[in-house]
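Me: Hi! I've got a model open here and would like to talk it through. Could you have a look with me?

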Amino acid sequence: MKFEKLTAWTQELGSLGIKDKNILSWMKESDSITSRIKSFSDFRLELLNDGPGEINIIEDDLIISNYEKNNIREVILHSNNKPFIYAKSIIPMETITFGLEILGNLRENPLGDILFSHPNIKKRYMLFAKFKSEHGLFWGRKGIYTVNDYPFSVCEIFLIDASSKN
């Protein structure tokens with residue numbers, strides 16, 4: 001899936017002018033997105049990519065761009081067999097080697113299951129932005145995390161079309 005970021009990443013969710021309460025609820029979710037989807041529907045993870053890759057400094061991350069080798073993981077989280085969230089994680093190889101090895105060997109297991117259960121993973125901050133694709137307008141967020149002081153990021157784009165709402 002290809003998305004174009006329409007706004008700069010911001011820590012101020014209110015500055016994006018989201019009016020739809022459902023989208024806001026997902027953007028503000030502080031617990032596991034995976035668990036939330038599982039609580040009301042059949043959950044399925046579709047693995048698109050999981051391996052070494054290049055990051056796009058403009059679209060991805062300024063913090064993570066300091067690392068030469070990164071694992072790029074892209075998945076789609078499905079709710080009742082419908083694409084619901086596109087997620088892209090950037091995990092520097094140093095984070096996998098020295099922070100938490102399982103981050104490099106998730107296969108088709110949700111990253112969310114580890115994010116909220118491993119005591120050494122800390123959320124540093126959350127950023128928000130608006131995106132477009134050939135399928136419409138969407139809102140997304142990016143969490144910056146550390147594990148044993150090694151960084152990684154998780155970007156989630158909620159596939160709830162915002163074009164008719166905002």
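Me: Which residues is His78 in contact with, leaving aside its neighbours within four places in sequence?
Reply: In this predicted model, His78 is in contact with Ile37, Asp42, Phe43, Arg44, Glu46, Pro83 and Phe84. Contact here means heavy atoms within 4.5 Å.

Me: Which side chain does the side chain of His78 make a polar contact with?
Reply: That is the side chain of Glu46, at 2.7 Å. A polar contact is a pair of N or O atoms within 3.5 Å; within protein, one must be able to donate a hydrogen and the other to accept it, and residues adjacent in sequence count only if both atoms are side-chain atoms.

Me: Is His78 buried or exposed?
Reply: His78 is buried, with a relative accessible area of 4%. The cut-offs are under 20% for buried and over 50% for exposed, with partly exposed in between (1.4 Å probe, protein chains only).

Me: Before I forget, what should I know about numbering and confidence?
Reply: Residues are numbered from 1 along each chain as its sequence is written, and side-chain values use heavy atoms, leaving out hydrogens and water. As this is a predicted model, local features need pLDDT of at least 70 and side-chain atom pairs count only at pLDDT 80 or more, while totals for chains, interfaces and linings use all residues.

Me: Thanks! Which strand is His78 found in?
Reply: His78 is in strand 3. Strands (E, at least two residues) and helices (H or I, at least four) are DSSP runs, numbered from the N terminus.

Me: How many residues of strand 3 are buried?
Reply: 10 of its 10 residues. Both faces are covered: Asn70, Ile72, Glu74, Ile76 and His78 are buried on one side, and Asn71, Arg73, Val75, Leu77 and Ser79 on the other.

Me: And what joins strand 2 to strand 3?
Reply: 10 bridges, with the two strands running antiparallel. Pro52 stands opposite Asn71 there. Two strands count as paired if DSSP finds at least two bridges between them.

Me: What about strand 3 and strand 4?
Reply: They also pair in the antiparallel sense, over 10 bridges, and Pro92 is the bridge partner of Asn70. The two strands form a hairpin with two residues between them, and Asn80 in the turn has a positive phi of about 50 degrees.

Me: Zooming out, in what order do the seven strands form the sheet?
Reply: The order is 1-5-6-7-4-3-2, in an open sheet with antiparallel pairing. Strand 1 (4–5) and strand 2 (43–53) are the edge strands, each pairing on one side only.
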